[in-house]
Amino acid sequence: MSEELSRLLDYEAIRNVKARYCRLLDTKDWDGFITLFTPDAVMDVEEDTGNPPINGHAAILDQVRFAVIDAQSAHQIHSSEIDLRGDEADVITAMQDRVVWAPGKCPIPGGQSITGFGHYTERYVRRDGQWKIAALKLTRLYVEVHPEPAL
């Protein structure tokens, strides 16, 4: 296989990991979701939570479940920039998400839902032939907060 073809296949494999991330998160398939990460992965969602970065499968699952367990969500990703270096890659992907919490469950006072825009900045590694997320940071550029409907 040519080096160019191999590189393109790696790009597509990394993009597919991120696509599965969105689908498995939105469908709350936690068993599938966590397989996308290395066991020692680091997740930084401090901008959303105020909490420092966390690492490891258990902490990542706890954080993500806490954020969306009482919500319906739809995550969309666009335009991945991939810097591939052998079995590692740095990736920046534009994102938009819509999260609608059950009444009274939104972590933002007076809110019920958000529409967010930003980027995932990630490091991927190839382990046993599979690309995995080793580090993830979510940066938001803009968040629209939608209030609970008045009764």
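A salt bridge here is a side-chain nitrogen of Lys or Arg within 4 Å of a carboxyl oxygen of Asp or Glu. Glutamate 122 and lysine 18 form a salt bridge, with their closest N and O atoms 2.7 Å apart. One caution before going on: this is a predicted model.

Where do glutamate 122 and lysine 18 lie? Glutamate 122 is in strand 5, and lysine 18 is in helix 1. So the pair ties together parts that are 104 residues apart in sequence. Now, buried or exposed? Buried means under 20% relative accessible area. Glutamate 122 has 3%, so glutamate 122 is buried. Lysine 18 has 2%, so lysine 18 is buried too.

Let's stay with helix 1. Helix 1 has 24 residues, and at 1.5 Å a residue they should span 34 Å. The end C-alpha atoms are 35 Å apart, which agrees. Which residues of helix 1 are buried? Asp10, Tyr11, Ile14, Val17, Lys18, Tyr21, Cys22, Leu24 and Leu25. Leucine 9 sits in helix 1 as well, which covers residues 3-26. But leucine 9 is partly exposed, at a relative accessible area of 46%. Together with Met1 and Leu5, Leu9 makes a nonpolar surface patch of about 340 Å². Just past the helix, lysine 28 has a positive phi of about 60°.

The largest nonpolar core holds 30 residues. Tyr21, Phe33 and Phe37 have the most contacts inside this core. Who supplies the core? Helix 1, helix 2 (30-34), strand 1 (37-44), helix 4 (57-68), strand 3 (71-85), strand 4 (88-101), strand 5 (111-127) and strand 6 (130-147) each give at least two residues. Helix 1 gives the most, with seven residues.

Take tyrosine 21. What does tyrosine 21 contact, leaving aside neighbours within four places in sequence? Phe33, Leu36, Phe37, Met43, Tyr120, Ile133 and Leu136. There is also a second, separate core of five residues. Its members include Ala71, Trp101, Cys106 and Ile114.

Back to charges. How many salt bridges does the structure hold? Nine. Asp83, Arg85, Glu88 and Asp90 are linked in a network of them. Arginine 85 meets aspartate 83 at 3.6 Å, N to O. Arginine 85 also meets glutamate 88, at 3.5 Å, N to O. Aspartate 83 is partly exposed at 40%. Glutamate 88 is partly exposed at 34%.

Last stop, glutamate 46. Glutamate 46 is in helix 3, residues 46-49. At 39% relative accessibility, glutamate 46 counts as partly exposed. Which residues does glutamate 46 touch, not counting those up to four places away in sequence? Asn51, Pro52 and Pro53. The C-alpha atoms of glutamate 46 and leucine 138 are separated by 8.1 Å. Along the chain, glutamate 46 and leucine 138 are 92 residues apart.

Technical notes. Residues are numbered from 1 along each chain as its sequence is written. This is a predicted model: local features need pLDDT of at least 70, side-chain atom pairs count only at pLDDT 80 or more; totals for chains, interfaces and linings use all residues. Side-chain values use heavy atoms; hydrogens and water are left out. Patches are made of residues with over 30% relative accessible area and no salt bridge: like charges are joined within 9 Å, nonpolar side chains (Val, Leu, Ile, Met, Phe, Trp, Tyr) within 5 Å. Accessible areas come from the Shrake-Rupley method with a 1.4 Å probe; for residues, only the protein chains shown count as cover. Helices (H or I, at least four residues) and strands (E, at least two) are DSSP runs, numbered from the N terminus. Buried means under 20% relative accessible area, exposed over 50%, partly exposed in between (1.4 Å probe, protein chains only). The expected span of a helix is 1.5 Å times one less than its number of residues. A nonpolar core is a set of buried Ala, Val, Leu, Ile, Met, Phe, Trp, Tyr and Cys residues joined through side-chain atoms within 4.5 Å. Contact means heavy atoms within 4.5 Å.
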